[in-house]
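Thanks for coming. I will walk through one chain today, and the picture goes up now.

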Amino acid sequence: MAGSSSKIVVYGAIGANLAIAVSKFVAAAFTGSAAMMSEGIHSLVDSGNGLLILFGMNRSARPADARHPFGYSKEIYFWTVIVAVLIFAVGGGMSLYKGYQYIRSPAPLTDPTWNYWVLGLAIVFEGVACTLAYREFQKTQGEQGFWQALRTSRDPAVFAILLEDLAALVGLVIALAGIFFGHLLNNLYLDGVASMTIGALLVGMAVFMLSEAKGLLVGEGASPDVLRHLETLTRQDAAVSELRAPLTMYLGPADGILALDIAFHDHLTAVEVEQAIQRLQTAIKAKYPEFNKIFIEASSLAGHADASPAVAS
C-alpha cells in the first residue's frame with residue numbers, strides 16, 4: 001500500500017483545501033461572484049475527496065482473510081472512482097450550473113478586493129500542496145515524461161491529489177482572470193463564463209481520473225517495458241529453456257501478481273528446478289519489489305508437468 005509519505009500528501013491537500021474553501025465562500029458571500037462560489041465548491045469537493053482517498057488507503061491496507069485471500073488493496077481504486085464521480089457531478093456540474101445561472105441573471109459588479117486577497121492566498125496554499133504532491137510523484141516518475149508517468153502511475157493517493165491540485169491552480173487563475181477582466185471591461189458575463197470554464201476543467205479531469213482508475217480496478221497489468229524486462233531477466237537463468245509471456249496484474253500501488261510459465265531443461269532434477277525458481281524469485285523481487293506474489297509453473301520441454309508444477313511466493 002501507499003506509504004506514509006503518500007498520506008502526508010493527502011493530509012496536506014485536505015488541510016489546504018478546507019482553509020481555502022472557507023475563505024472562498026466568505027468572499028463569494030461579500031461579492032456575489034459566481035466564479036468565486038464555483039471555486040469554493042471546488043475546494044470543498046477536493047477536501048471531501050481527500051478524506052475518501054484517505055479512507056480508501058486505510059481500508060486497502062487490511063490484511064488478507066479467507067474471503068479475500070489476495071487482500072483488499074484494490075479498494076483504493078474503488079474509492080478513486082467514487083472521487084472521480086464526485087468531481088464530475090458535484091464539482092463540475094455545480095460549477096457549470098452556477099455559471100449558467102449567473103450568465104442568465106448576472107449580479108451587479110462589486111468591489112473585487114476580497115476576491116483578489118482570497119485568490120492570492122489560495123494560489124499560495126494550493127502551490128504548497130501541489131509541490132508536496134509533485135515531489136512524491138517524482139519518486140515514481142523515473143525517465144518518463146510527466147503525462148506518461150501520470151497515466152502509468154498506480155498510486156491514486158499521489159496522482160489523484162496531484163491532478164486535483166493542478167486543476168485547482170488552473171481554476172484559480174481562470175477565476176482571477178474572469179473577475180479582473182469583468183471589472184476592467186465592466187462586463188457582467190465574464191464572471192459566469194469563468195465559472196463554466198472551471199466546471200468544464202473539472203469534468204475533463206474527472207473523465208481522465210475515471211479512465212485511469214477503471215483500468216486499475218478491472219485488473220491492469222504491467223507496462224510493455226516491464227514485461228520485456230521480466231522476460232529478459234527470466235531467460236538469463238541457465239536453467240530456463242522456454243518461457244511464455246509473463247502474466248501480471250496490480251492489486252494496489254505496491255501489490256502486484258506475477259505468473260510465469262517456464263519450461264526448464266529436461267536434465268535438471270527436481271531440486272535443481274526448485275533452486276532455479278528460488279533464484280528467479282529473488283532476482284525479480286530485487287528488481288521489481290511490487291510483485292510480492294509470484295507464481296511459477298514449471299514444465300519440461302515435452303510439456304509434462306514437473307513433480308512440483310506450481311511454486312508460489
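**Cores, helices and a few residues**

I will start with one methionine. Leaving aside its neighbours within four places in sequence, M209 is in contact with T80, V83, A84, I87, A160 and L163. Contact here means heavy atoms within 4.5 Å.

Before going further, the ground rules. This is a predicted model, in which local features need pLDDT of at least 70 and side-chain atom pairs count only at pLDDT 80 or more, while totals for chains, interfaces and linings use all residues. Residues are numbered from 1 along each chain as its sequence is written, and side-chain values use heavy atoms, with hydrogens and water left out.

Back to M209. Together with V10, I53 and I87, M209 touches the most other members of the largest nonpolar core, which has 46 residues. A nonpolar core is a set of buried Ala, Val, Leu, Ile, Met, Phe, Trp, Tyr and Cys residues joined through side-chain atoms within 4.5 Å. Buried means under 20% relative accessible area, exposed means over 50%, and partly exposed is in between, with a 1.4 Å probe and protein chains only.

The most come from α6, which gives 11 residues. There is also a second, separate core of 22 residues, and V226, I262, I277 and Y288 are among them.

Now the whole chain. It has 9 helices and 5 strands; both are DSSP runs numbered from the N terminus, with helices being H or I of at least four residues and strands E of at least two. From the N terminus on, the order is α-α-α-α-α-α-α-α-β-β-β-α-β-β. The radius of gyration is 25 Å, well over the 20 Å that the globule rule gives for 313 residues, so the chain is more spread out than a compact globule. That radius is taken over C-alpha atoms, and the rule is 2.2 Å times the number of residues to the power 0.38. Along its principal axes, the C-alpha trace spans about 90 × 35 × 30 Å.

Of the 313 residues, 44% count as buried. Among contacts between residues at least 6 apart in sequence, 74% join residues at least 24 apart.

Next, the annotation. An unreviewed UniProt entry lists residues 9-30, 76-97, 117-137, 158-182 and 188-210 as "transmembrane region". UniProt positions are given in the numbering used here, feature names are shortened, and annotations may be inferred rather than shown by experiment. In the model, residues 9-30 are 100% helix and 0% strand, and their end C-alpha atoms lie 32 Å apart. Residues 158-182 are also 100% helix and 0% strand, with end C-alpha atoms 36 Å apart.

How far apart are the end C-alpha atoms of α2? They are 38 Å apart, which agrees with the 39 Å that its 27 residues should span at 1.5 Å a residue. The expected span is 1.5 Å times one less than the number of residues. Helix α2 is mostly covered, with 19 of its 27 residues buried.

N17 is found in helix α1 and counts as buried at 1% relative accessibility. Not counting residues up to four places away in sequence, N17 touches S43, D46, S47 and E126. S95 is found in helix α3 and is buried, with a relative accessible area of 0%. Leaving aside neighbours within four places in sequence, S95 is in contact with S38, V90, S195, M196, I198, G199 and L202.

Is N186 buried or exposed? N186 is exposed, with a relative accessible area of 60%, and lies in the loop between α6 and α7. N186 has a positive phi of about 55° although it is not a glycine. Most residues other than glycine have a negative phi.

Last, Y250, found in strand β2 (residues 247-252). At 3% relative accessibility, Y250 counts as buried. Not counting residues up to four places away in sequence, Y250 touches residues including K74, Y77, R154, L216, E220 and F291. Y250 and G219 are 31 residues apart in sequence and 6.4 Å apart in space, C-alpha to C-alpha.
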